[in-house]
Amino acid sequence: MTVIDPDTQAAWVPEADEDDDEMPLSMRLSIADTLTLGNATCGFLAVYFTTTGVLIPHLMGNDDGGMARHSAATAVILMLLASVFDLFDGLVARKLRSSAMGAELDNLSDLISFGLAPAYFVAVWGMVASDAHQRVSVVAAVVVMLAVVLRLARFSCVTLRDGIFQGMPSPFGALTVVSIVLLGLPFIPTLLAIFGVAWLMVSRVEYPKPRGRLAVAMLSWIVLSMGLLAAWAFEAPGGELLLQTGCALQVVLGAVIPLFATARRVHAFRDNRREARAAAQN
């Protein structure tokens, strides 16, 4: 209530309650938002380790001409950890709640961890690999980053039926791109595979959302990948072979899932046509 002082004609407003001084609802962070910020932090640290442990030693002539094992493995493990945060922030948001900033925080964090970090990894690979071409590698890195930007923007604008993504999810795409680089294939096949993953991220191929058993399987695969990277980094017996096998499996999954999705859509289309013909005959 506002009271007017008859002598001064000034309005007197009662003091605000303590609750009015609290942070607005739109600025409060939920548990899910905290996990999302962990995602962004991992993405930044992946860039940091790629720079300090791989790029700078190479520029100073302190490495052996290849990617430093420990720093490269640490960068990729951080991207894997970012995908764990990304998996759990969605689960927690569905079980508890998400703030008004949740969707925006998730997109911005994904852009850092699954757009900038893998694209930067590709660019640095183009600088340190003996058979790579730096400028062409930078083009590939830009394509990866733009694919993630377009994919995240479309995700915010397009409404799809529950349980699916349109286009390869950015965490899966980022890990596939990094796996292609770590496979150590010749430059041209590596480049073509990276472009293929970028195309899948902006395509209309449907991918299932990681829920239930699929989420458990994805988490198990991430933990196994971290173990393979650690074995490779510390030069454990057979570590390099195990890493190559894991990277190859990641790439195969990236290629097989779209084939299954396409086959499922073709079968669904044929079934719909058969039902339509049967209904027309009746």
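This is a predicted model: local features need pLDDT of at least 70, side-chain atom pairs count only at pLDDT 80 or more; totals for chains, interfaces and linings use all residues.
The chain holds eight helices and four strands. Read from the N terminus, the order of elements is β-β-α-α-α-α-β-α-α-β-α-α. The chain has 282 residues, and 40% of them are buried. Among contacts with a separation of 6 or more, 78% join residues 24 or more positions apart.

The largest nonpolar core comprises 57 residues. Within this core, the residues with the most contacts are F121, V122, W125, L182, I194 and L229.

Two packed helices are described by the distance between their axes and by the angle between them. In the pair α1 and α2, the axes lie 8 Å apart and the packing angle is about 170°. An angle over 145 degrees counts as roughly antiparallel, and α1 and α2 are therefore roughly antiparallel to each other. The contact of α1 with α2 draws on 18 nonpolar, seven polar and two charged residues.

The pair α3 and α5 is arranged as follows. The axes of these two helices come within 9 Å and cross at roughly 15°. The cut-off for roughly parallel is under 35 degrees, so α3 and α5 are roughly parallel to each other. Their crossing is left-handed. From α3, the contact takes D110, F114, P118, F121, V122 and W125. From α5, it takes S170, P171, A174, V177, V178, V181 and L182. By class, 11 residues of this contact are nonpolar, one is polar and one is charged.

In the pair α4 and α6, the axes come within 8 Å and cross at roughly 15°. These two helices are therefore roughly parallel to each other. The crossing of α4 and α6 is left-handed. On the α4 side, the contact involves V136, S137, A140, V143, V144, A147, V148, L150, R151 and R154. On the α6 side, the partners are F187, L191, I194, F195, A198, M201 and V202. The residues of this contact divide into 14 nonpolar, one polar and two charged.

Two loop residues complete the description. L185 sits in the loop between α5 and α6. Its relative accessibility is 39%, so L185 counts as partly exposed. Apart from neighbours within four places in sequence, L185 contacts D131 and T190. D131 is 54 residues away from L185 along the chain, yet their C-alpha atoms are separated by 9.8 Å.

E235 belongs to the loop between α7 and α8. The relative accessibility of E235 is 59%, and this residue therefore counts as exposed. E235 is not a glycine, but its phi is positive, near 55°.

Definitions and conventions: Residues are numbered from 1 along each chain as its sequence is written. Side-chain values use heavy atoms; hydrogens and water are left out. A nonpolar core is a set of buried Ala, Val, Leu, Ile, Met, Phe, Trp, Tyr and Cys residues joined through side-chain atoms within 4.5 Å. Buried means under 20% relative accessible area, exposed over 50%, partly exposed in between (1.4 Å probe, protein chains only). Axes are lines fitted to C-alpha atoms, for helices over the stretch in contact, and angles run from 0 to 180 degrees between N-to-C directions. Angles under 35 degrees count as roughly parallel, over 145 as roughly antiparallel, 65 to 115 as roughly perpendicular and the rest as oblique. A crossing is left-handed if the near helix is turned anticlockwise from the far one by less than a right angle, and right-handed if clockwise. Contact means heavy atoms within 4.5 Å. Ala, Val, Leu, Ile, Met, Phe, Trp, Tyr, Cys and Pro count as nonpolar, Asp, Glu, Lys and Arg as charged, and the others, Gly among them, as polar.
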